Amino acid sequence: MHASTIRSHTIGVIALALVAIIADASTARAQGSSSSYSIGANAGLVIPVSDLADVTNSGYTIAATLGMHQPLSPIAFRVEGSFTELPWKDNLAQNNAKHRIYGFALDGMYNLGTASTNGGLYLTGGIGYFGSKDSDLQTLVGSAETSTS
């Protein structure tokens, strides 16, 4: 796997982790239901580092989460999605060339106790798909569009 692809995946994973840490989730109860639902969203500046910083400028990221938890159960589920866009450096002739990183995940969480007894510790795990796509790139023989996942 190419080093910039690995870094792209890492940035996507970090963006999703920030959703879980920073997003201010609001809880709402459905009428007549005992399930608790949470919705979270975030957006922000992305500053590339390492090799990715050599070829892209700062960009933006957006992400959203949707979760569900039964009140008496220690198990909860969450769906997360993110999108990040970074413009390529030296993009004078091609104003729309971008490096895009995207992903989604389905997570399960197991609460290890109450926040008053253990500080709110929980275990989490799940499956997801993360990838990147380069759009509107101009090559010596014409335009190209690449994708990794």
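**Figure 1. Overview of the protein chain.** From the N terminus on, the elements run α-β-β-α-β-β-β-α-β-β. This is a predicted model: local features need pLDDT of at least 70, side-chain atom pairs count only at pLDDT 80 or more, and totals for chains, interfaces and linings use all residues. Residues are numbered from 1 along each chain as its sequence is written, and side-chain values use heavy atoms, with hydrogens and water left out. The secondary structure comes to three helices and seven strands. Helices (H or I, at least four residues) and strands (E, at least two) are DSSP runs, numbered from the N terminus. The protein chain has 149 residues, and 30% of them are buried. Buried means under 20% relative accessible area, exposed over 50%, and partly exposed in between (1.4 Å probe, protein chains only). Among contacts with a separation of 6 or more, 50% are between residues 24 or more positions apart. Contact means heavy atoms within 4.5 Å. The accessible surface of the chain is about 9,200 Å². Carbon and sulfur atoms account for 62% of that surface. Accessible areas come from the Shrake-Rupley method with a 1.4 Å probe; for residues, only the protein chains shown count as cover.

**Figure 2. Strands 2, 3 and 4 pair in antiparallel fashion.** Strand 2 (residues 36–46) is joined to strand 3 (residues 59–69) by eleven bridges. Two strands pair if DSSP finds at least two bridges between them. A43 has I62 in strand 3 as its bridge partner. Ten bridges then join strand 3 to strand 4 (residues 75–87). Here H69 has A76 in strand 4 as its bridge partner. A hairpin of five residues leads from strand 3 to strand 4.

**Figure 3. A41 and E80, apart in sequence.** A41 sits in strand 2. A41 is exposed, at 56% relative accessibility. E80 is buried, at 5%.

**Figure 4. R78 forms salt bridges with E80 and D107.** A salt bridge is a side-chain nitrogen of Lys or Arg within 4 Å of a carboxyl oxygen of Asp or Glu. Side chains of opposite charge can pair when their charged atoms come close. The closest N and O atoms of E80 and R78 are 2.6 Å apart. R78 is buried, with a relative accessible area of 14%. For D107 and R78, the closest N and O atoms are 3.5 Å apart. D107 lies in strand 5 and R78 in strand 4, so this pair ties together parts that are 29 residues apart in sequence. D107 is buried too, at 10% relative accessibility.

**Figure 5. R100 forms a salt bridge with E85.** The closest N and O atoms of this pair are 2.6 Å apart. R100 in strand 5 and E85 in strand 4 are 15 residues apart, and the pair links distant parts of the chain. R100 is partly exposed, at 25% relative accessibility. E85 is buried, at 10%. Elsewhere, salt bridges that share partners join R78, E80 and D107 into one network. A search of the whole structure finds three salt bridges.

**Figure 6. K98 is buried without a salt bridge.** K98 belongs to strand 5 (residues 98–111). The nearest side chain of opposite charge is E85, 4.6 Å away. Lys and Arg count as positive and Asp and Glu as negative; His and the chain ends are not counted. Leaving aside neighbours within four places in sequence, K98 contacts E85, L86, P87, W88, K133, D134 and S135.

Figure 7. Y110 lies in strand 5. Y110 is partly exposed, with a relative accessible area of 40%.

**Figure 8. S50 has a positive phi.** The phi of S50 is about 60 degrees, although S50 is not a glycine. S50 is found in helix 2 (residues 50–55). S50 is partly exposed, at 40% relative accessibility.
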